[in-house]
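Please look over the sequence and the model below before reading on.

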Amino acid sequence: MAPEESTEAARLSSFERRFLAARALRSFPWQSLEEKLRDSSGPELLLDILQKPSGDSVTLSESTAIISHGTTGLVTWDAALYLAEWAMQNPAAFAHRTVLELGSGAGLTGLTICKTCHPSAYIFSDCHSCVLEQLRGNILLNGLSLEADVTDPARHPEHNTCNSESPRVTVAQLDWDVVTAPQLAAFQPDVIIAADVLYCPETVLSLVRVLQRLSACLKNQQAPDAYIAFTVRNPETCQLFTSELGIAGIPWEAVPHHDQKLFPYEEHSEMAILKLTL
């Protein structure tokens, strides 16, 4: 590749990374972009930019505030992006399986898995009414259909998950502190995931309790895999999580860091994924 071609490719790659991944339109530096395009090699670069993005996309409606309506679940957090990247690199972990996501928030991780990893069914869950309303909207915004009843797949015989390209998608209102074992058993998950839910000791304890209930009510079937992704903001909170897992008798192991960085989350953020054995 000639030096000028290499420079042009690097410039295009930089544009994609900065402006075509998880960025709000109003956050684009339109003026500087216009200047760069004006100083570039002409319309060929603009045409390359417009044609370059490939593959499927995820479109989200989010809050502009970190905390809104008394919840942090209306925005996408870094660990959700990190887990989505890992899922895209490891689609076999979700292919043809039923996935239960705890604390889905805006839905980016789940939508990414639904579009790229071919699960047979995906259950988004959260407890806040505003989060659930936005979540349903984001699912529909991405061209997926919502099933009416997560607890009774037999009510939907027309949906053949073996032949359908789209998974059976449902949304469940799930309060970790009050959900019962029969309610959890009805989900029948093969895989359980959660991202960025270890933000305070109270949620850590609630999460471990719900994982214990899931383990107890699913003991007569093959143990599901569980992947918990989080940003290490407070090491003491993370240590509390692993300690509580030990007390609950839930073995865990750290998932190796992946090298598929597609989203522009903070470079200095320390993120991790734990694989639990329920």
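Leaving aside residues up to four places away in sequence, Asn-142 touches Ser-57, Val-58, Thr-59, Leu-111 and Lys-115, where contact means heavy atoms within 4.5 Å. This is a predicted model, in which local features need pLDDT of at least 70 and side-chain atom pairs count only at pLDDT 80 or more, while totals for chains, interfaces and linings use all residues. Residues are numbered from 1 along each chain as its sequence is written, and side-chain values use heavy atoms, with hydrogens and water left out.

**The setting of Asn-142**

- Asn-142 is placed in the loop between H6 and S3; helices (H or I, at least four residues) and strands (E, at least two) are DSSP runs, numbered from the N terminus.
- Asn-142 counts as buried, at 9% relative accessibility, given that buried means under 20% relative accessible area, exposed over 50%, and partly exposed in between (1.4 Å probe, protein chains only).
- The side chains of Asn-142 and Lys-115 are joined by a polar contact of 3.2 Å, a term for a pair of N or O atoms within 3.5 Å, of which, within protein, one must be able to donate a hydrogen and the other to accept it, and for which residues adjacent in sequence count only if both atoms are side-chain atoms.

**The sheet**

- Seven strands make up an open sheet, in the order S3-S2-S1-S4-S5-S7-S6 and with mixed pairing; two strands pair if DSSP finds at least two bridges between them.
- Strand S3 (168-173) and strand S6 (252-254) are at the edges, and each has a single partner strand, so one side of each is left without a neighbour in the sheet.
- From one strand to the next, the twist averages 20°; axes are lines fitted to C-alpha atoms, for helices over the stretch in contact, and angles run from 0 to 180 degrees between N-to-C directions.
- Strand S1 (residues 98-102) pairs in the parallel sense with strand S2 (residues 121-126) over three bridges, and Thr-98 stands opposite Ala-121 in S2.
- Helix H6 (residues 129-141) lies across S2 and S3 and runs at about 170° to S3.
- Helix H9 (residues 235-248) packs on the sheet, where it touches strand S5 (225-231), S6 and strand S7 (271-277), and its direction makes about 5° with that of S7.

**Strand S5 and its partners**

- Strand S4 (residues 191-195) pairs with S5 in the parallel sense over five bridges, with Val-191 opposite Asp-225 in S5.
- S5 and S7 run antiparallel and are joined by seven bridges; the bridge partner of Thr-231 in S7 is Met-271.
- In a regular strand the side chains alternate between the two faces of the sheet.
- Both faces of S5 are covered, with Asp-225, Tyr-227, Ala-229 and Thr-231 buried on one side and Ala-226, Ile-228 and Phe-230 buried on the other.

**Nonpolar cores**

- The largest nonpolar core has 31 residues, of which Leu-102, Ile-192, Leu-198, Leu-207, Leu-211, Phe-241 and Leu-276 touch the most other members; such a core is a set of buried Ala, Val, Leu, Ile, Met, Phe, Trp, Tyr and Cys residues joined through side-chain atoms within 4.5 Å.
- At least two residues of this core come from each of S1, helix H7 (181-187), S4, helix H8 (201-217), S5, H9 and S7, and H8 gives the most, with six residues.
- Another core, of 29 residues, lies apart from it and has Ala-79, Leu-132, Val-171 and Val-255 among its members.

**Aromatic rings**

- The structure holds four aromatic pairs, counted where rings of Phe, Tyr and Trp (its six-membered ring) have centres within 6.5 Å, with planes under 30 degrees apart called stacked, over 60 edge-to-face and the rest tilted.
- The rings of Trp-86 and Phe-94 have centres 6.2 Å apart and planes at 85°, so this pair is edge-to-face.
- Tyr-122 and Phe-124 form a tilted pair, with 4.6 Å from centre to centre and 50° between the planes, and both residues are buried.

**Positive phi values**

- His-118, in the loop between helix H5 (108-116) and S2, has a positive phi near 55° although the residue is not glycine.
- Gln-188, in the loop between H7 and S4, has a positive phi of about 50° and is likewise not a glycine.
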